[in-house]
Amino acid sequence: MYTKKECVAMLLAGGQGSRLYALTKDMAKPAVPFGGKYRLIDFPLSNCVNSGIDTVGVLTQYQPLVLHDYLGNGQPWDLDKMNGGVHALPPYQNINGASWYSGSANAIYQNISFIDRYNPTYVIVLSGDHVYKQDYNKMLEVHKAKKADCTIPVLDVPLEEASRFGIMTADKDGYITKFEEKPKHPESTLASMGIYIFNWDKLKKALIENENDPAQDKDFGKNIIPNMLADGNVMVAYPFDAYWKDVGTLDSLWDANMDLLNPNIPIDLYDPNWKIYSRNPVMPPQYIGPDAVVENSMVTDGCEVYGSVDFSVVFEGVKIGKGAKVNYSIIMPGTIIEDGADVEYSIIGENSVIGKNAKIGTDPTAVANRDDWGIAVVGHGINVGEGKTVCPKAIISENV
Amino acid sequence: MSEKNVLGLIFSNLHDESIKDLTHRRTMGSVMFGGRYRLIDFPLSAMVNSGVGEVGVITKKNYQSLLDHLGNGREWDLSRKNGGLHLLPPFSHNQDEVYHGRLEALYGVWEFVTRSNADYILLSDCDIVANMDFGKIIDYHIDNKADITAVYATGNVRMDETNTATVLGVNDSGRVVDVLICPEMSGESNIALNVYVIGKEMLKSIVMDAKPRNLVDFEKDVVQARHKDLKIMGYYYDGYYSRISSMVTYFEANMALLNPENRAKLFIDGKPIYTKVRDNPPAKYGINASVKNSLIGDGCIIEGSVENCILFRGAKISAGASLKNCIIMQDTVVGKKCGLENVITDKNVIISDGRLLTGSAKFPLFIAKGAEI
C-alpha cells in the first residue's frame, strides 16, 4: 500500500566520477569516503531526512556494489520505512529489452513508475556528490509561495568561473528569464547547483517529451530546464548562500575535506540539529599513543595513532605508526601508515598500506616548478612498498 | 559451538551496590565504560558473537537508561523475528516486591524461559568486562555432562573493595569442590566470573524447588549449598577480563584499556563489541591540542591537553585545559584552563573555566551526572 507523499527525492548516483580516477575505479562517486566517517551520499540523504523527506530513490548504475551495500535498507538514515524510505534504483530489463541510463533525465524517465506509486505533488532531484547542508523544505515553501513549476537553488559565483556552470538570468523576484548551460560569455553569475524541485506533473510531461525526441541528450541541464523554460513554465532561482561544494575532482575532494578543518568555513558537522548520518563502523574508540602529536585534524573510531597528524582527515580503523608523519592529507578507512612513513598533501584510499619510510606527496613549496605539484593519490587496496616514493600529482592504482 | 539452542540471560542490576555513585540513576549494565560502551555491551556482544541469538535482559530498577541503550537490540543484530533481544522488567509473584537474588529473579522470568526452545541457559552479569567465547564454555558444559558450569579465572580478592567475590575451589578434574562467598582473604585465587551454563530442565528444577523454600541466592543456595550433590564444573577462563567491584576497580579497568595488549585481547578481530550508535562526527583536534596515551570517542572536540585519559563520545575539552588520568563521560564540557587529575565525570557535566580538581588513583574524584562546577 502506498500513501501519497508531498515530495519524493530522486538522487542521481550513477555517474562514474572519472575525474576522481583511482578513487572511483571500483566504486561510484557517491560512495567515495568523505570527512572522516562519511561517504558523499550521506550529505544529500541526511539533508532529505532532516528536511522531512522520507522517500528517496537512488539512481545507481556505475559500480553499484559498494553503494548498494552501504545503503542497505536505509536504517542508518532512518529511511527503513514501511511506506517510503530509500530505494536503490539500478537500470533494469523490461519487455523491450534492457537499456542503461543514458542521461540524468533518462534515469528519472525510466523510474516514472517508482515516483507514481507515491503520487507526489513535487519531486526534488538531487546529486550524490555535493557536500552541503540544505533544508529542502524551506526551498519547497518558496517554490509553493512563488507558484513555481520548477525551483533551482543558485550560487553567486565569480564571473570568471561562471562558464563551468549552468547560468541563470533572473528578474528581481527571482523568476528565471534565461538559462544557459556552460555559456562561453555568461550574462549572469547565478550558477545552478544541479538541484531541482519540480511539480511532478510538469516534470513528467517534460521527461516524456524529451525521451520521445531522439535529437535530445536526456540531460537536465542541457534539455529539461531550457525546454521547460521555453514552454513557459514558471521557473524560480532560489539563492543559496551557505557552504556548497561539488567534489567532482581530486582537488575539490581534497579541498572539501580541508574545509572541514577550517573553523572559518561554515560547514559544521557538530550541529546536533542537523546531523549528518552515516553507517557507523563497529570499532573501539581511537587510541592516541604516548608520543603521538595530533593537531588541527579529524580522527575517528578504531584509529591508532603513534606518529604525528596535522591538518588531516583520518577515517575509521587507520593505523599510523611510530615516527610516521601525516600532514595535509586524507587517509581513508582501514589504511595502515607504517613507521617512519611521510605522507603529505595526499589522498590515500581505503585499506591500503604505506610501507615503512615511504614518502607520499610533498609540500607545494618543496617543488621548483609549481606546475609539477599536485595532490598525490593512492587508490584503494594499494601497497606502497618500504622506502618507496610517490611523487606529488601522481595517481597510483597499482602496487608500487 | 555445538548446534544446541542456547538462551542467554543477563542480569543487569546485580552488583549495582558495588559502584553506587555510577548506579544511582542507572543499572550496572548501563554504566559507561571504555570511551563508548556500557557494561552490558560486553556480555551481550559476546553472546551474539558466540551464536547465542536469543537473549533476555533481566532488570530490577532504574532501568530507563538501559531500555534507551538497548532499544530493540538492532545494534547487536538482535532485532529478530525468532529469538533476538527481550527486555524483562521485574515481574513479581508476591505482592509488589521486586526480587532479592538471582534465583528469585529467575522465578520471575520463568514464563519467558519456558517459551524458549533452548536446551541450555547461559547466565551472565554485567560486572565483568571481557570478550568471552561462550561457545567453548557451552561445549565444555556438554562434554562434561555437568549440571552447572561456573566460569572462573585467576584473580586477586582485594580487601579494599566492597568484597563481593565468590571464590571457587576446583579439583584436578575440574569439579567445583569448595565455594567461598565474600571471603575475608587476600591474594590470588579462583574468582567466579558470574557466568554460568545450566541445562534448562536442571535450572527449572532448581528454580521451582527454591521458591517454596524461600531460597533467593544462586551462589549461596545452589552453587555453595549443593556442590556435593550436583555436578558443578569449573571452566577456567584464561582470556582478558576485568572485574568491577568498586569505584577504584572501575577506574583501573578503564585505565587498563590504555595498554595496547589489553585492548588487543578485549577488542578481538571478528568479535566486535557492539554498542548504541550515536551518529557523532569524528573527533576534532584543535590547534595546540595535545593528546597522549588516551582513548578518545567520536564527536569529542579537544583543544586542550589530555594525557592518560578516557574521553567518551561528545566530550569537549577547551583550550588551555589540562587533564591527566581522567575518565570524562559523554557530552561533558571541561572549560578553559581547567586542571583535572584523577577525576571521573559522569555524563553531561559542566566544569567552568579555570577549575582545578584533583582526586587520587586510590580515590578518584567523582562528579555526578549533570553537575555544574
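Colleague: Which side chain of chain A does D298(B) meet in a salt bridge?

Modeller: First, this is a predicted model, where local features need pLDDT of at least 70 and side-chain atom pairs count only at pLDDT 80 or more, while totals for chains, interfaces and linings use all residues. Residues are numbered from 1 along each chain as its sequence is written, chains are lettered from A in the order in which they are written, and side-chain values use heavy atoms, with hydrogens and water left out. A salt bridge here is a side-chain nitrogen of Lys or Arg within 4 Å of a carboxyl oxygen of Asp or Glu. At 3.1 Å, N to O, the partner of D298(B) is K37(A).

Colleague: How many salt bridges are there between chain B and chain A?

Modeller: The contact (heavy atoms within 4.5 Å) takes 36 residues from chain B and 36 residues from chain A. Counting salt bridges between chain B and chain A gives 3.

Colleague: What area do chain B and chain A bury between them?

Modeller: The size of an interface is often given as the accessible area lost when the parts come together. Here that's taken with a 1.4 Å probe and summed over both parts. In chain B, D279(B), P282(B) and Y285(B) lose the most area to chain A, together 23% of what that side buries. Carbon and sulfur atoms hold 50% of the total, which is about 2800 Å².

Colleague: Now the rings. Why is the pair of Y132(A) and F240(A) edge-to-face?

Modeller: Rings of Phe, Tyr and Trp (its six-membered ring) pair if their centres lie within 6.5 Å; planes under 30 degrees apart count as stacked, over 60 as edge-to-face and the rest as tilted. By that rule there are 22 aromatic pairs over all chains. The centres of Y132(A) and F240(A) are 6.3 Å apart, and the pair is edge-to-face because the planes lie at 85°.

Colleague: Is Y132(A) buried or exposed?

Modeller: Buried means under 20% relative accessible area, exposed over 50%, and partly exposed in between (1.4 Å probe, protein chains only). F240(A), at 10%, is buried. Y132(A) has 0% relative accessibility, so Y132(A) counts as buried.

Colleague: What about chain B: which class does the pair of Y152(B) and Y236(B) fall in?

Modeller: Y152(B) is buried at 10% relative accessibility, whereas Y236(B) is partly exposed at 40%. Their ring centres are 5.5 Å apart with planes at 50°, so the pair is tilted.

Key. Buried area = accessible area lost by both parts, 1.4 Å probe.
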